[in-house]
Amino acid sequence: MSNQVTVSDIFRRALEIRQANPNGDIKSVKSQIVSEYSGKPFPKTAYLTIPEYDNIAPEEDWTAGLPVVLRGIQTEDWNEIAHGILISLEQVENYP
C-alpha cells in the first residue's frame, strides 16, 4: 500500500476535523491540515478530485477549491493545498 495521499484523503480528513469541532474556526482546520501533511509527499495531480461528492453536491460547489489545490501541488505548498480544500469544504457545508 502506498503512502501517497490523495486530494480525497485530505478532504475527508478536513471533514473529520470539522465534524469533531463544528463550531470551531475554519482556519484551525487549515492549520491542522498543514501540520498533519507537511513533510509528506504531495498528491498526484492525476487524482485531483473528490469523487464521493459527485452525487451529493453540484460539481461547481465541490470543485470550487480544486484550482487552488492544483496550484498548491504544482508549487509544492501545503498552505495552498489546505486553502483549496477549505474552499471546497465551505461550499459543501453551505450547499444544503
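From the N terminus onward, the elements of the protein follow the order α-α-α-α-α. The model is a predicted one, and it contains five helices and zero strands. The protein comprises 96 residues, of which 39% count as buried. Among contacts between residues at least 6 apart in sequence, 68% join residues at least 24 apart.

The surroundings of Ile-33 can be followed residue by residue. Neighbours within four places in sequence being left aside, Ile-33 is in contact with Ile-10, Arg-13, Ala-14, Ile-17 and Ala-82.

Aromatic residues form a further feature. The structure holds two aromatic pairs. In one of them, Tyr-37 and Trp-78 are stacked, with a distance of 5.6 Å centre to centre and an angle of 25° between the planes. This pair links distant parts of the chain, since Tyr-37 belongs to helix 2 (residues 26–37) and Trp-78 to helix 5 (residues 78–94), 41 residues apart. Tyr-37 has a relative accessibility of 9% and therefore counts as buried, the cut-off being under 20%. Trp-78 is likewise buried, because its relative accessible area is 7%. The other pair joins Phe-42 and Trp-78; their ring centres are 4.8 Å apart and their planes lie at 15°, so this pair is stacked. It too links distant parts of the chain: Phe-42 is in the loop between helix 2 and helix 3 (59–62), Trp-78 is in helix 5, and the two are 36 residues apart. Through these ring pairs, Tyr-37, Phe-42 and Trp-78 are linked into a cluster.

The loop between helix 4 (66–75) and helix 5 contains Glu-76. Although Glu-76 is not a glycine, it has a positive phi of about 55°. Is this residue buried or exposed? The relative accessible area of Glu-76 is 56%, and the residue is therefore exposed, the cut-off being over 50%.

Which residues does Arg-18 touch, not counting residues up to four places away in sequence? They are Gly-24, Asp-25, Ile-26, Val-29, Leu-89 and Glu-93. Arg-18 and Glu-93 lie 75 residues apart in sequence, while their C-alpha atoms are 10.0 Å apart in space.

Methods:
Residues are numbered from 1 along each chain as its sequence is written. This is a predicted model: local features need pLDDT of at least 70, side-chain atom pairs count only at pLDDT 80 or more; totals for chains, interfaces and linings use all residues. Side-chain values use heavy atoms; hydrogens and water are left out. Helices (H or I, at least four residues) and strands (E, at least two) are DSSP runs, numbered from the N terminus. Buried means under 20% relative accessible area, exposed over 50%, partly exposed in between (1.4 Å probe, protein chains only). Contact means heavy atoms within 4.5 Å. Rings of Phe, Tyr and Trp (its six-membered ring) pair if their centres lie within 6.5 Å; planes under 30 degrees apart count as stacked, over 60 as edge-to-face and the rest as tilted.
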